[in-house]
Amino acid sequence: SSDTVLVVLTGGVMRITLNRPDKLNAFNDEMHMALRSAFAKAQDDPAVRCVLLTGAGRAFCAGQDLGDRDPRKSTPDLSHTLETFYNPTVRLIRSMEKPVICAVNGVAAGAGANFAFACDIVLAAKSARFIQAFCKLGLVPDAGGSWHLTRLLGEARAKALALTGEPVGAEQAANWGLIWKALDDETLMDEAEKLAAHFASGPTKGYGLTKKAIHAAATNSLDAQLDLERDYQGTAGATHDYAEGVAAFLDKRKPEFQGR
Ligand code: T3D
């Protein structure tokens, strides 16, 4: 762990907190690598059954730390930056075989917003705003933003947000289907922790396969998706947790899932 990203594991939940509050948790290279290694550990450690990503202080994340950039002095290679720092982490979040919850505690700008959209379930404080700030700098949405915005909102809203940089409030974002829920600021973290604890005691294998199935649906035909469901259900049906789920239902008791 590094100071820029705080990692705490309790009860199967890995809580990852972006921690550069005086920079609104903007990304420097160190924070990029610390976030990457936290997600890698979450994937590899069987004790982790859910990830909860949030930010310290009043913001969630203001995207790239622009204080680290001085393009008037020399032309930066931003392709290299994306390949080295942003894209591997987005891929890790998407491919994580465990639920990833994002609790957006305040403003989420640029890549900060788009990291949130890469998570599986986004809860946001009602005071939070999402800003595609890239157009104000002459850049294109990155960290998967052009993909997630378009998938989640359709082209009309995706293009308008990306081209204007207009902020979207949490409630509007929830109404549009860009995030799951907007919550009162005081209740956000409690609700996020509650959901994380629920997932951490759930059927982890089934969750991982569910997430993969929904991702595959974006490009599959119905036929291909039916084949995939057949295969995934075969795998899910052989888990301990499926046997436990059915037994608990028949016994009229709460299931005790083990995540395998
Ligand atoms: O270069 C590459 O690697 C390419 C990849 C790019 C990915 C990207 O994310 S590009 C987009 C970068 N982000 C932005 O353009 C957002 C910039 N920030 C803002 O627009 C505003 O700060 C916010 C809308 C996020 C919040 O506004 P507000 O009024 O609540 O706060 P503030 O006063 O603007 O910010 C507070 C402090 O944080 C301030 O510092 P100071 O004056 O107190 O010393 C501000 O400079 C600093 N800060 C905010 N965002 C960044 C930042 N410092 C460095 N980089 C930032 N992105």
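This is a predicted model: local features need pLDDT of at least 70, side-chain atom pairs count only at pLDDT 80 or more; totals for chains, interfaces and linings use all residues.
**View 1. Helix α1 beside helix α2.** Helix α1 covers residues 29-44, and its axis comes within 10 Å of the axis of α2. The two axes cross at roughly 25 degrees. Angles under 35 degrees count as roughly parallel, so α1 is roughly parallel to α2. The crossing in which α1 passes α2 is left-handed. On the α1 side, the residues that meet α2 are Asp29, His32, Leu35, Arg36, Phe39, Ala40 and Gln43. On the α2 side, they are Phe85, Pro88, Thr89, Leu92 and Ile93. The contact of α1 with α2 consists of 7 nonpolar, 3 polar and 2 charged residues.

**View 2. Helix α4 packed on helix α5.** Helix α4 spans residues 145-153, and helix α5 spans residues 155-164. Their axes are 7 Å apart, and the packing angle is about 140 degrees. The two helices α4 and α5 are therefore oblique to each other. From α4, the contact includes Ser146, Leu149, Thr150 and Leu153. From α5, it includes Glu155, Arg157, Ala158, Leu161 and Ala162. By class, 5 residues in the contact of α4 with α5 are nonpolar, 2 are polar and 2 are charged.

**View 3. Helix α8 beside helix α9.** Helix α8 (residues 204-217) and helix α9 (residues 222-236) have axes that come within 10 Å. These axes cross at roughly 175 degrees. Angles over 145 degrees count as roughly antiparallel, so α8 is roughly antiparallel to α9. Lys205, Gly206, Leu209, Ala213, Ala216 and Ala217 make the contact from α8. Gln225, Leu228, Glu229, Tyr232, Thr235 and Ala236 make the contact from α9. The contact of α8 with α9 is made up of 7 nonpolar, 3 polar and 2 charged residues.

**View 4. Domain 1 and domain 2 of the protein chain.** Domain 1 covers residues 5-200, and domain 2 covers residues 204-251. The C-alpha centres of domain 1 and domain 2 are 27 Å apart. How many residues of domain 1 are in contact with domain 2? There are 8 on the domain 1 side, in contact with 6 residues of domain 2. The side of domain 1 that touches domain 2 has 6 charged residues, 2 nonpolar residues and no polar residues.

How values were computed:
Residues are numbered from 1 along each chain as its sequence is written. Axes are lines fitted to C-alpha atoms, for helices over the stretch in contact, and angles run from 0 to 180 degrees between N-to-C directions. Helices (H or I, at least four residues) and strands (E, at least two) are DSSP runs, numbered from the N terminus. Angles under 35 degrees count as roughly parallel, over 145 as roughly antiparallel, 65 to 115 as roughly perpendicular and the rest as oblique. Two residues are in contact if their C-beta atoms, placed from the backbone, lie within 7 Å. Ala, Val, Leu, Ile, Met, Phe, Trp, Tyr, Cys and Pro count as nonpolar, Asp, Glu, Lys and Arg as charged, and the others, Gly among them, as polar. A crossing is left-handed if the near helix is turned anticlockwise from the far one by less than a right angle, and right-handed if clockwise. Domain bounds come from an automatic or database domain assignment.
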